[in-house]
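Visitor: Please take one part of this model and look at it closely. Then follow the links that lead on from there.

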Amino acid sequence: MSVQTLQQAAETRRSVYALNKELPVSAQQIVEIVEHAVKHTPSAFNSQSTRVVVLLGADHEKLWDITADELKKIVPADQFQPTQEKLNGFKAAAGSVLFFEDQDVVKGLQEQFPAYAAGFPVWAAHSDAMHQYAIWTAFAAAGVGANLQHYTPIIDAEVAKTWNLPANWKMSAQLVFGGVAAPAGEKAFNDLESRLKVFGL
């Protein structure tokens, strides 16, 4: 494996919103990509606190029906059409990956290492984000399009109820994935000089 291979995968990873159900890989390969990321993504104190749920087929579509139902409770009816269209786009994809942090693990570490208690929720979020990036980038390398959504905590209770998830799992994000119906648009970059400093070179 070369540095260039990793960099190419990073560049390929984009927010792709025009998705369909025509995956370029099998559902089993999707699960294997997720399994690999869950096993090999690092975490502070090797806590392994990130939890992941993969929804495919009818379960994936159910997620976005739930999201629509929950949003209808807070978005005025006369303003809901744009939201519904966006959710229909997510539902048209092939699947969703849900990300969670196990709060029992976080609290256990806080009790075990009280001097670092304030850091553990932050470090858990770091690991969670690395899982999201690892899966998203691997999907891109496999030709699978994806975009990351954040409908938590609006949908949390109903998702936990529908899929019988533990109460100590706190959701952070939803990665929608599928076949690429249209590529991502051009991406603008701020200049590196304002974002990066190097000393000692």
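Guide: Start with the packing of α2: its buried residues sit against β2 (50-56), β3 (95-102), α6 (119-141) and β5 (169-180). Contact here means heavy atoms within 4.5 Å. The model is predicted, so local features need pLDDT of at least 70 and side-chain atom pairs count only at 80 or more, while totals for chains, interfaces and linings use all residues. Numbering runs from 1 along each chain as its sequence is written, and side-chain values use heavy atoms, without hydrogens or water.

Helices (H or I, at least four residues) and strands (E, at least two) are DSSP runs, numbered from the N terminus.

Which residues of α2 are buried? They are Ile 30, Ile 33, Val 34 and Ala 37. Down the axis of α2, these fall within an arc of 90°, so they line one face. Buried means under 20% relative accessible area, exposed over 50%, partly exposed in between (1.4 Å probe, protein chains only). The face turned away from the buried side carries exposed His 36 and Lys 39.

Now move to two of the packing partners. Arg 51 in strand β2 and Asp 102 in strand β3 are 51 residues apart. Their side chains meet in a salt bridge, N to O at 3.2 Å. The cut-off is a Lys or Arg side-chain nitrogen within 4 Å of an Asp or Glu carboxyl oxygen. Asp 102 counts as buried, at 8% relative accessibility. The structure holds 4 salt bridges.

Conventions: Arc of directions from axis to C-beta.
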